[in-house]
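Let us walk through this protein one step at a time. Keep the sequence and the 3D view side by side.

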Amino acid sequence: MTTAFKELLYIYGDAICGRKSILPENCDREEIAEKAIEQNILPLVYFNIFGEETNNKYYALVMQSLVNNERRMFFLGKLSKELNAAGIRHCVMKGISLASIYPMPELRISADVDILIDPADEKKVMSFLEERNFVVAEREENAQNFTAKHPKAGLFEIHVKLFDGEFDKYVLKGQFGVKETYDVMTMPDGNSFNILGKNDGLYFAASHMIKHFVKDGLGLRQISDWMLYVEKYRDEVQMDGFNSVIQELGFEKFINAIYSIGNEYFKMNFAPNREYSIQFSIKSDIVLNCVYILNNTAIFGDKSRGGIIKNPSC
């Protein structure tokens with residue numbers, strides 16, 4: 001783990017918890033910003049790194065991200081209303097649905113929009129999007145989503161299921177899915193979207209983090225999405241049932257490593273006597289290995305291997 005990445009961990013913890021950062025005088029702010037770009041979190045940490053400074057290339061990148069996100073949200077609001085009018089059941093997932101748990105939601109920016117639909121509506125939605133100037137690519141066999149790209153709104157991923165078949169079968173063992181009615185999230189601009197119910201959201205945030213760890217490469221946003229979700233909704237979700245499932249799947253140590261990262265680097269307070277905590281016996285080497293994976297966005301240390309790990313206990 002490099003010095004710049006370690007500094008970024010502390011800064012990111014401050015940013016996602018609404019704290020200001022006090023940086024060492026000799027720290028390389030540009031190197032930290034470059035690490036933030038690698039993790040797709042520059043808007044979240046920019047003001048903690050540079051304060052009110054506006055005359056650098058990183059500020060320009062943040063402003064462009066904010067403009068693009070505003071445009072994307074406008075199109076999403078319009079599209080969601082039209083889907084509702086057409087009687088097409090749908091749910092907004094991932095980054096957009098999770099932004100509200102951050103101190104400054106507008107800075108938790110996603111590169112695309114993820115929407116879950118009923119499998120029976122797939123062809124209907126494809127035609128629906130094509131009629132609205134989206135370029136639609138058909139879903140690949142066994143994939144959970146197809147893509148639709150708009151010249152102004154950017155990339156949309158339309159999911160007919162939460163996960164691909166192999167990951168669901170071998171890693172999650174069919175334990176996770178949509179089991180609750182959708183909740184409704186109202187945005188500051190008045191637009192409202194369906195989102196996953198709170199328990200479904202808990203399982204999805206955890207499984208999305210696990211998927212990135214096992215298959216795609218884990219980043220800081222998946223970590224913070226999970227920790228902030230647990231912090232906000234711990235009194236409204238069934239943590240005992242969740243913990244039992246995590247233990248059954250063999251990810252208890254991994255989840256504990258994430259809690260430990262929250263405590264050590266983000267200055268959060270995940271403690272063994274709180275209702276959401278699993279057996280809290282984590283060794284520093286496990287935490288450091290997990291942080292090393294974050295730094296290299298790797299799959300168990302080597303992203304180039306790819307594929308599915310059938311026995312994911314770590």
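A charge sits over a ring if NZ of Lys or CZ of Arg is within 6 Å of the ring centre and within 35 degrees of the ring normal. Arg132 gives an example: its charged end sits over the ring of Phe128, 3.6 Å from the ring's centre.

This is a predicted model, so local features need pLDDT of at least 70, side-chain atom pairs count only at pLDDT 80 or more, and totals for chains, interfaces and linings use all residues. Residues are numbered from 1 along each chain as its sequence is written, and side-chain values use heavy atoms, with hydrogens and water left out.

Start with the whole chain. It holds 12 helices and seven strands. Helices (H or I, at least four residues) and strands (E, at least two) are DSSP runs, numbered from the N terminus. Of the 314 residues, 53% are buried. Buried means under 20% relative accessible area, exposed over 50%, and partly exposed in between (1.4 Å probe, protein chains only). Contact means heavy atoms within 4.5 Å. Among contacts with a separation of 6 or more, 65% join residues 24 or more positions apart.

Now find the sheet. It is open, has five strands in the order β1-β2-β5-β4-β3, and its pairing is mixed. Two strands pair if DSSP finds at least two bridges between them. The edge strands are β1 (90-93) and β3 (135-137), and each pairs on one side only. From one strand to the next, the twist averages 25°. Look at β4 (residues 145-150) and β5 (residues 154-159). They pair in the antiparallel sense over six bridges. Here Phe146 stands opposite Ile158 in β5. In a regular strand, side chains alternate between the two faces of the sheet.

Which strands does helix α6 lie across? Helix α6 (residues 122-130) lies across β2 (113-117), β3, β4 and β5, and runs at about 10° to β4. Axes are lines fitted to C-alpha atoms, for helices over the stretch in contact, and angles run from 0 to 180 degrees between N-to-C directions.

Next comes a hairpin. Strands β6 (residues 183-186) and β7 (residues 192-195) pair in the antiparallel sense over four bridges. Met185 has Phe193 in β7 as its bridge partner. Five residues lie between the two strands, and Gly190 takes a positive phi near 95°.

Turn to the rings. The structure holds 17 aromatic pairs. Rings of Phe, Tyr and Trp (its six-membered ring) pair if their centres lie within 6.5 Å; planes under 30 degrees apart count as stacked, over 60 as edge-to-face and the rest as tilted. Why is the pair of Phe213 and Phe254 stacked? Their ring centres are 4.4 Å apart and their planes are at 25°, so the pair counts as stacked. This pair links distant parts of the chain: Phe213 is in helix α8 (residues 198-216) and Phe254 is in helix α11 (residues 252-264), 41 residues apart. Phe254 also forms an edge-to-face pair with Phe251, at 6.2 Å centre to centre and 70° between the planes. Phe213 is buried at 3% relative accessible area, Phe254 is buried at 1%, and Phe251 is buried at 0%. Elsewhere, ring pairs link Tyr46, Phe47, Phe50, Tyr58 and Tyr59 into a cluster.

Is Asp225 buried or exposed? Asp225 lies in helix α9 (residues 220-233) and counts as buried, at 5% relative accessibility. Leaving aside neighbours within four places in sequence, Asp225 is in contact with Leu98, Ile101, Tyr102 and Arg108.
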